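Hi,

Here is the structure I said I would pass on to you. Have a look at it first, then read my notes below.

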Amino acid sequence: MNNNLDKLFQENLKNLEATPNKRVWNNIETKLKKKKNRLVPLWWFATGAAALFILGLLVFPISNNDKFIDKNDSNIITETPETELKPKQIKSLSKDSIQKKSILVAEENKILKSNKQEKKTLNKKEEKKKLVSTKNAMKKIFLANNSIKNDVAPALKKEETSLTKKNTDKPITSKEITAKVTLKKETKKIDINSVLEQKDSISFNKKTISKWSIAPVFAVLSSNSFSNSSPIDKGLSNSTIGKNSISYGVQVSFKLNKKWTIQSGVHLQEMSYVNNNVIAVSTISTQSSSISFNSNSSVTFANAATNQNSDIVSTSLNRSNLSGDLTQKYGYIEIPLEIKYNFLSSRKFNTQIVAGFSSLFLNKNEVNLNSQFVSRFGKATNLNNINFSGNLGFDFGYSLNKNWSLNLTPMFKAQLNTFSENSNGFSPFNIGIYSGIKYQF
Amino acid sequence: MSAQSQLYQIYSDKLFAVCLKYCRNYEDAEDTLQDSFITIFKKINQYKNKGSFEGWLKRITINTALQKYRDTAAIQVVDKILENKKTEEINFKYLTIDVNILLGFIQKLPDRYRMIFNLYVLDNYSHKEISKLLGISEGTSKSNLSRARKILKEQIKNYQATTE
């Protein structure tokens with residue numbers, strides 16, 4: 001009985017074929033196109049982040065270089081002819097390759113391309129050198145009174161060797177790069193597929209998973225330092241207290257897969273330190289001062305409370321001095337690049353480890369001496385324009401609904417490159433509690 | 001895009017038939033076919049030349065269809081009247097029924113009955129496999145199948161009565 005029924009259906013429906021309406025394919029086609037378009041921002045994002053990182057790395061060594069170079073000019077002269085020779089050599093190389101044209105057409109093209117690239121990069125290098133030298137000239141005026149450091153010479157030698165090494169390495173690496181670029185173009189397509197796969201394994205259970213999210217973020221930061229010393233003056237050790245400040249900005253993150261997320265954004269960050277009860281003494285020498293006041297006078301500071309530097313205090317009786325609170329504030333535009341790993345998640349709660357680094361661009365620099373009668377404003381001269389920080393923290397998320405979630409993120413950020421010189425061992429970090437409302441789409 | 005459209009052209013007729021059998025109606029079948037092909041294009045490089053390609057495509061399509069009704073299948077309540085009725089003997093031997101009408105009978109089955117009937121009778125899945133696919137016990141799979149058969153018999157009987 002059952003067999004008969006089964007057979008009836010089996011035989012009739014076995015070779016059933018039915019042509020679907022054309023709109024089905026049209027729908028599929030548009031969906032596929034959408035998917036491709038949606039993936040483009042990922043590459044934009046990745047390349048953008050990479051570009052920012054490289055930019056940071058490029059600018060950072062330059063700002064370090066001119067500090068060394070401007071103190072010893074003779075070494076620069078020996079350096080520049082080398083780099084000027086290089087393009088000529090390359091030109092002769094390219095001529096050679098042109099002669100071989102008749103023999104090896106395909107290969108020669110590749111070489112020419114790579115040569116062109118080399119030339120370009122070398123030209124760029126030269127331009128940078130020019131920039132550096134003009135910068136040096138300007139710096140010289142500003143730092144005319146600065147004493148020469150002992151460690152300049154060995155550092156310079158290192159610089160030189162690394163530079164020449166770079167030059168010799170170039171011909172090979174640039175070729176490799178061109179090869180890699182072409183390879184990457186091919187692998188990109190595969191990558192997209194693999195990303196889709198990963199996404200697919202998740203989306204099989206849940207039909208749509210939002211990948212992008214954006215969150216306005218607000219944080220309370222507590223500025224701290226690994227040492228108690230002051231970046232402003234040696235005399236102020238053990239009296240520097242970090243104050244609370246704020247940070248706010250926008251965070252954008254992209255979900256790579258179930259576990260991993262990358263995020264970036266823009267934040268405005270401020271740090272603030274205070275030394276209470278400080279005696280400011282006017283001095284003649286500019287040597288030890290790392291702040292410049294608007295009134296153009298130089299000062300050294302001492303701790304009124306501890307009275308450690310008795311000579312300064314005693315001389316302070318003779319010269320004009322001020323006592324009050326010294327406040328230093330500096331702020332950055334922060335561009336973080338962080339990766340988050342999802343290690344605990346339930347339906348509503350989500351916990352992630354956050355690690356990464358931030359590029360910090362100095363946009364605020366204030367030093368303020370507030371005494372009973374007068375207040376004086378100035379700025380620190382030893383702050384680097386570009387700074388980096390290593391970030392580590394936890395991200396606790398609570399999802400309100402499909403698209404919205406609340407986030408609380410305690411973060412620890414240690415700064416790596418805050419001061420250019422003479423920071424008296426002061427290395428700042430901050431602990432912040434970031435909170436935000438995240439929108440996923 | 002041309003490779004994808006070619007693949008669609010070759011297999012869409014067969015896979016649409018699968019969709020029609022596993023879905024409630026024509027519109028659902030179209031939706032399922034669409035979703036299936038998008039999954040197929042995404043997963044195409046996961047196919048490792050193991051087993052027939054058509055079988056692989058069919059499995060994806062079946063899975064997509066099952067996915068569609070997974071949530072609703074458990075809720076649907078079946079007419080209890082059927083169980084008390086004794087179905088009369090039907091002479092299947094000389095029975096010829098149009099494919100479209102048979103398809104209609106299947107489509108009218110409650111979601112889970114339809115899936116089990118399709119999987120077991122038309123696509124040769126075992127009760128064990130079905131129980132895993134649908135997250136039910138083997139016993140449930142067996143009893144649902146017999147109920148599905150009962151409903152189909154009833155429908156065929158009614159159909160015969162109206163045409164005679």
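Before anything else, one term: two strands count as paired if DSSP finds at least two bridges between them. Also, keep in mind that this is a predicted model.

Now for the strands at the end of the list in chain A. Strand β10 of chain A covers residues 386-399, and strand β11 of chain A covers residues 404-415. The two run antiparallel and are joined by nine bridges. Between β10(A) and β11(A) the chain makes a hairpin, and four residues carry it across.

β11(A) has another partner too: strand β12 of chain A, residues 428-440. That pairing is also antiparallel, with 11 bridges. Here you can pick out L408(A), which sits in strand β11 of chain A and has S435(A) as its bridge partner in β12(A).

The biggest giver is β10(A), with three residues.

Stepping back to chain A as a whole, you'll find six helices and 12 strands. Of its 441 residues, 36% count as buried. The chain exposes about 25900 Å², and carbon and sulfur atoms supply 59% of that. Take the contacts in chain A between residues at least 6 apart in sequence: 75% of these join residues at least 24 apart.

Finally, jump over to chain B and find S12(B). This serine is in helix α1 of chain B, which spans residues 2-22. S12(B) counts as buried because its relative accessible area is 4%, and the cut-off for buried is under 20%. What does S12(B) touch, leaving out residues up to four places away in sequence? On chain A it touches A18(A) and P20(A), and on chain B it touches L33(B) and F37(B).

Happy to go through any of this with you.

Cheers

How values were computed
Residues are numbered from 1 along each chain as its sequence is written. Chains are lettered from A and ligands numbered from 1 in the order in which they are written. This is a predicted model: local features need pLDDT of at least 70, side-chain atom pairs count only at pLDDT 80 or more; totals for chains, interfaces and linings use all residues. Side-chain values use heavy atoms; hydrogens and water are left out. Buried means under 20% relative accessible area, exposed over 50%, partly exposed in between (1.4 Å probe, protein chains only). Contact means heavy atoms within 4.5 Å. Accessible areas come from the Shrake-Rupley method with a 1.4 Å probe; for residues, only the protein chains shown count as cover.
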